[in-house]
Amino acid sequence: MVLETSNILLIGSLLLLISVIAGKTIRRLGVPTLIFFLIVGILAGSEGVGGIHFDNAKFAQFIGIVALNFILFSGGLDTRWQHIRPVLSKGIALSTAGVFITALSVGVFVHYVFGFTLAEGLLLGSVISATDAAAVFSILRGKGIGLKGPLQPMLELESGSNDPMAYFLTITFTGIVAQGDADAWTLVLSFFKEFIIGGALGLLMGRASVWLINNIRLGTEGLYPVLTLGLALFTYSCTHALGGNGFLAIYLCAIIMGNSPMVRRRSLTRFYDGQAWLMQIILFLTLGLQVFPSRILPLVGTGLAISAFLMFVARPLGVFLALLPFRINRRNKLFLSWVGLRGGVPIVFATYPLLAGLDKAEMIFNLVFFISVTSVLLQGTTLSPVARLLGVSVPANRRRLDAAFETEDQVHGEQRVLHIPPGARSAGRRIVELRLPQRVTILSIEREGRFVLPNGSTRLAVGDRVQVLAPDHNALTELRRLGWEDGEEETASYA
């Protein structure tokens, strides 16, 4: 069967429905549903029962880049600065030095054991150096396991920030293998150029995006996600065109947007969380279609050896050396070492050598695919028992309600009616400009006998009766500092 314009929607929708519905059952086994999506793609491919012929690395790479943009943007929007700030230096160390050490050790191993040139080995190591913490937390949530202390925010930060380093290394060593030589000074300059431009444009576009969304009047609620999408994709593409690291830029842009006072931030975060899941499914289905199992079978022995080295030597070496300057106990380091799951990102990066036409490009792609699947199947199914064995897990009923990866809304606190008197400094200002305490929700505004449904762009007025849901008395005190006064009644209290 060949994908054509006449059948692509039918085939795509069937694969999507099968993946989502059947994936719910697979998840109970402790295997990330994303791997199941990958298997569905393989079964539907040229050598599977579906017989869909697909062998287009360029299109697969394009799908991968678009999907990674959605995934990084959604992850950045959902990242809370107050959670990652205490572990910022540790997370950056893991996503830079840790990635480099992992790539270097795998490269040297492959060079001496399997006869790759050193540049080819380092290319393979670079491609598989990025981790997929999204798969980790899908397993932990499915098993009702949380993580103690700094582990959860460290993994959150590493998962979003290690792709730029792995991408830089992949592109660099692809060029080295293709050209046959490299200038160390040029590589250093290229590194700083990519990350400085990427960081600067990410920060700039984050601020600009918040200002634009807060000040533009689109008139239609549904246009705000469209505007946000345009800003996100422009951030990546513009940065990439200027020679910067687009993945770093879009992630930083999203973090700023997610942690700034911005109208419709909550609805945008939820919208892009759904879009990120959709893009992950499409990504894994596409990568599954791109794979030919008959080409992987001869590489099983080599793939198992590299997988074992990556899991038991390279990743732990990268974690322990990168975190050497910091005071982190050995149990946390051991768990971080075991959490180095590979996912869709390395497979996407493996398409770059393919498109460059390198001699061992197909072998590298098939090895990366096998290593990624092996990593998730072995490490993914044992994450929960390893967490409990090392004593770093927290039972479900003790997890923090505001954890970075929490997916359910929590109702907890007091519901009050507050009055805005004459002279209050909040009068005449938009809600988004007030910098309300974290987790305070304005439920409704009563104005001159009419009820107003509030959003970030709603301007408050003298005489407004504002119904709020606050998590505690401290938050209510912060609201009173804005000049708000208690109304005639306290409507409710929730525990």
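**Close-up views of the predicted chain**

View A. Phe100 counts as partly exposed because its relative accessibility is 40% (buried is under 20% relative accessible area, exposed over 50%, partly exposed in between; 1.4 Å probe, protein chains only). The model is predicted: local features need pLDDT of at least 70, side-chain atom pairs count only at pLDDT 80 or more, and totals for chains, interfaces and linings use all residues. Residues are numbered from 1 along each chain as its sequence is written, and side-chain values use heavy atoms, with hydrogens and water left out. Phe100 sits in helix 5 (helices, H or I of at least four residues, and strands, E of at least two, are DSSP runs numbered from the N terminus). With Leu104, Val108, Tyr112, Val113 and Leu118, Phe100 forms a nonpolar surface patch of about 570 Å² accessible area together (Shrake-Rupley method, 1.4 Å probe; for residues, only the protein chains shown count as cover). Patch residues have over 30% relative accessible area and no salt bridge; like charges are joined within 9 Å, nonpolar side chains (Val, Leu, Ile, Met, Phe, Trp, Tyr) within 5 Å. Helix 5 gives the most to the patch, five residues.

**View B. Helix 6 and the helices around it.** Helix 6 covers residues 118-127, and eight of its 10 residues are buried. Glu120, Gly121 and Ser126 are among them, as are Leu122, Leu123 and Leu124. The buried residues of helix 6 pack against helix 5 (88-114), helix 8 (151-179), helix 14 (300-322), helix 16 (344-349), helix 17 (351-356) and helix 18 (361-390).

**View C. The largest nonpolar core, around Phe335.** This core has 113 residues, and Ile306, Phe335 and Phe349 have the most contacts inside it (a core is a set of buried Ala, Val, Leu, Ile, Met, Phe, Trp, Tyr and Cys residues joined through side-chain atoms within 4.5 Å). Helix 18 supplies the largest share of this core, 14 residues. Beyond four places in sequence, the contacts of Phe335 include Leu147, Leu151, Leu155, Leu383 and Leu390 (heavy atoms within 4.5 Å).

**View D. The salt bridge between Glu362 and Arg295.** The two side chains meet at 3.8 Å, N to O (a side-chain nitrogen of Lys or Arg within 4 Å of a carboxyl oxygen of Asp or Glu). The pair joins distant parts of the chain, Glu362 in helix 18 and Arg295 in helix 13 (residues 293-296), 67 residues apart. Glu362 is partly exposed because its relative accessible area is 39%; for Arg295, also partly exposed, the value is 34%.

View E. Arg465 and Glu446 form a salt bridge at 3.0 Å, N to O. Arg465 lies in strand 6 (residues 465-470) and Glu446 in strand 4 (residues 441-447), 19 residues apart. Arg447 forms a salt bridge with Asp464, with the closest N and O atoms 2.7 Å apart. Here Arg447 is in strand 4, while Asp464 is in the loop between strand 5 (450-452) and strand 6. Asp464 counts as buried because its relative accessibility is 0%, whereas Arg465 is partly exposed at 21%.

**View F. Arg327 in a loop.** Arg327 belongs to the loop between helix 14 and helix 15 (330-338). Arg327 is exposed, so its relative accessible area, 85%, is over 50%. Its C-alpha atom is 9.8 Å from that of Lys90, 237 residues apart along the chain.
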